[in-house]
Amino acid sequence: MASSSKTYIVEHLDPELGAWSELEYLAIARESQDAGAKFCLSSLPPSFKVPDALNEIPAFKAETRGVEELYAADKSRVCLLDPAAASDLSPEDGDKFDAFLFGGILGDDPPRDRTSELRKKGFDGRRLGPVQMTTDTAVRVTRLVVQGKTPLKEISYLDHPELKFNEHESTEMPFRYVKGKDGEPIMPEDSPKRCMNLFFHITMDGVP
Ligand code: SAM
């Protein structure tokens, strides 16, 4: 029988912490705190500078060890959220697993299957439906299923929404999001502003 307290582990697989990942991790930490869960960011390089805003959230823990070492004694307690898994996550998985593992990777289009780096480690895998989600969305949906006991199919989603920077500029986000009470996709706080900065950065870099 799994413990009722849940841990969401994001194994950091990118060499750096980009602005967008930082926003996603902050959203995961805040929501885990509110839900009485823990959020562990694992496999961090020793030189990694954890942002103060994350360190200030009690539910958050930074780990240089990887998930294999952390759960060496009991791998069966860990569920890998894997877009290629054979079965979908169900509320009953909340009784089977204590820890839920995600790839700390920015989404890509088309998906490059970097979750395979975690699949090789041999954890039990579950899918969150057929559409790629951002990491914070994947954690949000997992929490709704295993803590909130809501079946995957009863969650309201928005696929590939348009993110508006202002009245002239927008971009389509190639991911699935949870639909918020206001009918808008739930995204990390500050995303459009940060996205605007990234957009300008890319545009300016592209200028010869
Ligand atoms: N394109 C990525 C890849 O290379 O695997 C997907 C990365 S996704 C942005 C980050 C993480 O969220 C994945 O490693 C996985 O743990 C989780 N995830 C996202 N969508 C998922 C889905 N439909 N089913 C299961 N897990 C998902």
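Visitor: Let's start with tyrosine 8, then: what is its bridge partner in S2?

Guide: Tyrosine 8 is paired with phenylalanine 39 of S2. Please keep in mind throughout that this is a predicted model. S1 and S2 run parallel, and five bridges join them.

Visitor: And how many residues of S2 are buried?

Guide: Four of its five residues are buried, so S2 is largely enclosed by the rest of the structure.

Visitor: What follows S2?

Guide: A loop lies between S2 and helix H2 (52-55), and serine 43 has its place there. Serine 43 has a phi near 65°, which is a positive value in a residue other than glycine. Most residues other than glycine have a negative phi. The relative accessible area of serine 43 is 28%, so this residue counts as partly exposed.

Visitor: Which aspartate has a positive phi as well?

Guide: Aspartate 113 has one, at about 55°, although it is not a glycine. Aspartate 113 is found in the loop between S5 and helix H5 (116-119), and with a relative accessible area of 37% it is partly exposed.

Visitor: Switching to S4: are its two faces covered or open?

Guide: Both faces of S4 are covered, with Val78 and Leu80 buried on one side and Cys79 and Leu81 buried on the other.

Visitor: Which strands does S4 run parallel to?

Guide: S4 is joined to S5 by three bridges, and these two strands run parallel. Three bridges also join S4 to strand S6 (residues 124-126), again in a parallel arrangement. Within these pairings, cysteine 79 stands opposite phenylalanine 100 in S5, while leucine 80 stands opposite glycine 125 in S6.

Visitor: What does phenylalanine 100 touch, leaving aside its sequence neighbours?

Guide: Leaving aside neighbours within four places in sequence, phenylalanine 100 is in contact with residues including Tyr8, Ile9, Cys79, Leu81, Leu89, Asp93 and Val146.

Visitor: How far apart are aspartate 93 and glycine 148?

Guide: They are 55 residues apart in sequence and 12 Å apart in space, taken from C-alpha to C-alpha.

Visitor: Changing topic, how much space lies in the largest pocket?

Guide: The largest pocket holds about 470 Å³ of space. Its lining comprises 26 residues, of which Leu81, Pro83, Thr115, Gln132 and Met133 lie nearest the centre. S5 and H6 are the elements that give two or more residues to the lining.

Visitor: And what kinds of residues make up that lining?

Guide: The lining of the largest pocket divides into 12 nonpolar, seven polar and seven charged residues. Leu81, named among those nearest the pocket's centre, is also one of the buried residues of S4.

Visitor: Last one: how many helices and strands does the chain have?

Guide: The chain has seven helices and 10 strands. Buried residues make up 47% of its 208 residues. Of the contacts in the chain with a separation of 6 or more, 67% come from residues 24 or more positions apart.

Notes: Residues numbered from 1 in each chain as written. Predicted model: local features only at pLDDT ≥ 70, side-chain atom pairs only at ≥ 80, totals over all residues. Heavy atoms only, no water. Contact = heavy atoms within 4.5 Å. 1 Å grid on protein atoms, 1.4 Å probe; cavity = no way out; pocket = protein on both sides within 12 Å on 5 of 7 lines; lining within 4 Å. Points joined across faces, edges and corners; volume = space filled by probe spheres on them. Nonpolar A, V, L, I, M, F, W, Y, C, P; charged D, E, K, R; others polar. Buried < 20%, exposed > 50% of the residue type's maximum accessible area, 1.4 Å probe, protein only. Pairing = 2+ DSSP bridges.
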